[in-house]
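Please look over the sequence and the model before reading on. The paragraphs below go from the ligand to the sheets and then to single residues.

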Amino acid sequence: MPNPVQIPPLLLDAIRHSRSVSVLSGAGMSAESGVPTFRDAQTGLWARFRPDDLASPEAWDADPALVWAWYLWRAKLVRELEPNAGHRALAEWASRRDLDFSIITQNVDDLHERAGSEVLAHLHGSLFAFRCADCDAPSPLSSIEFPAEAHDRIDPPRCDECGGLIRPGVVWFGESLPLPEFQAAHEVMETVDLVLVVGSSSMVFPAAGLPLMARSFGASVVEINPSDTQLTESAHIVWRETAARALPALLSAISA
Ligand code: OAD
């Protein structure tokens, strides 16, 4: 039998005293759906690569077919998976009218949306958005061919506008975050009462700076994660639980 979920009493108090809540989700949010976290070892074709070495402009410049194949594989994997109980609990929480609720994610999957949530900001872009690497013209999802099986190299398609290569619409190491998304997240951090950081190692800035900013503006910061992170020491409340166990339990407790 799994251990019963124990909600920190301070967290229930903090929620009762909050009129606005923002969830910052990271890769751990989707782990129980079967999406490997970013820093998990990779399997299969990709076992010999580190994600950090593929998610970069340098990797793209050196070998676009390799990077394209990896992203198509990741997109295909996510399409075959389903939102977990944590995603669904957040969607239900967001639908309550007594609260100003937002979700800001570092994840490039679409599992929050498929659970029924509106995402205020995808800070690191999306696996399902594509654009020209040269002229930035968006390329519709319907124009992208997803192979039935994983390949280690696939030539990216060409842009209809300028003939440049189509690239994944994700943020790579060394690239700037999309400004409107980051500004929207910034604005929330200035006024929100409570920030829940779910499933992030809090290692990658500027996203990792958002809860610290919220804290400096007076918000309470809660970490929901089975392991210690870079945020742990700065969080007001630390809950060592997984997303798919913690969030439904929290929703039931505050709805009771
Ligand atoms: P990481 O892979 O760095 O960290 C995942 C976190 O999830 C870890 O702290 C785990 O302990 C935690 N975790 C694992 N299973 C969990 C579960 N079931 N429930 C809750 N937490 C769980 O992922 P991120 O912090 O999201 O950026 O990584 C941030 C960014 O690093 C990514 O968006 C990506 C990468 O660089 C870009 O690609 C730009």
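A polar backbone atom of Ala 27 lies 2.8 Å from an oxygen atom of the ligand, a polar contact in the sense of a pair of N or O atoms within 3.5 Å; within protein, one must be able to donate a hydrogen and the other to accept it, and residues adjacent in sequence count only if both atoms are side-chain atoms. The protein buries 89% of the 790 Å² that the ligand exposes when taken alone; accessible areas come from the Shrake-Rupley method with a 1.4 Å probe, and for residues only the protein chains shown count as cover. The model is predicted: local features need pLDDT of at least 70 and side-chain atom pairs count only at pLDDT 80 or more, while totals for chains, interfaces and linings use all residues. Residues are numbered from 1 along each chain as its sequence is written, and side-chain values use heavy atoms, with hydrogens and water left out.

A backbone N or O atom of Gly 28 is 3.3 Å from a nitrogen atom of the ligand. Asn 225 contributes a polar side-chain atom, 2.8 Å from an oxygen atom of the ligand. There are 23 residues around the ligand, of which Arg 39, His 124, Phe 173, Ser 200 and Ser 201 come nearest; a residue is near if one of its heavy atoms lies within 4 Å. This shell is made up of 8 nonpolar, 13 polar and 2 charged residues, where Ala, Val, Leu, Ile, Met, Phe, Trp, Tyr, Cys and Pro count as nonpolar, Asp, Glu, Lys and Arg as charged, and the others, Gly among them, as polar.

The sheets come next. Strands of a sheet pair through backbone hydrogen bonds, either parallel or antiparallel. Here, strands (E, at least two residues) and helices (H or I, at least four) are DSSP runs, numbered from the N terminus, and two strands pair if DSSP finds at least two bridges between them.

S8 runs parallel to S7 (residues 194-198), joined by 5 bridges, and Val 197 stands opposite Glu 223 in S8. From S7 the chain crosses through helix H8 (residues 210-216) to S8 in a right-handed β-α-β crossover; right-handed says that, with the strands pointing away from the viewer, the path from the first strand over the helix to the second runs clockwise. S8 is also joined to S9 (residues 237-239), in parallel, by 3 bridges. Glu 223 has Val 238 as its bridge partner in S9, and Ile 224 stands opposite Trp 239.

Another open sheet has 3 strands with antiparallel pairing, ordered S5-S4-S6. S5 (138-139) and S6 (166-170) each have a single partner strand, so one side of each is left without a neighbour in the sheet. S4 (residues 125-132) pairs with S5 over 2 bridges, with Phe 130 opposite Ser 139.

Two single residues remain. Ser 22 lies in strand S1 (residues 20-25) and is buried, at 0% relative accessible area. Asn 107, in the loop between strand S2 (100-105) and helix H6 (111-114), is buried at 7%, and its side chain reaches the backbone oxygen of Gly 26 at 2.9 Å.

Technical notes: Buried means under 20% relative accessible area, exposed over 50%, partly exposed in between (1.4 Å probe, protein chains only).
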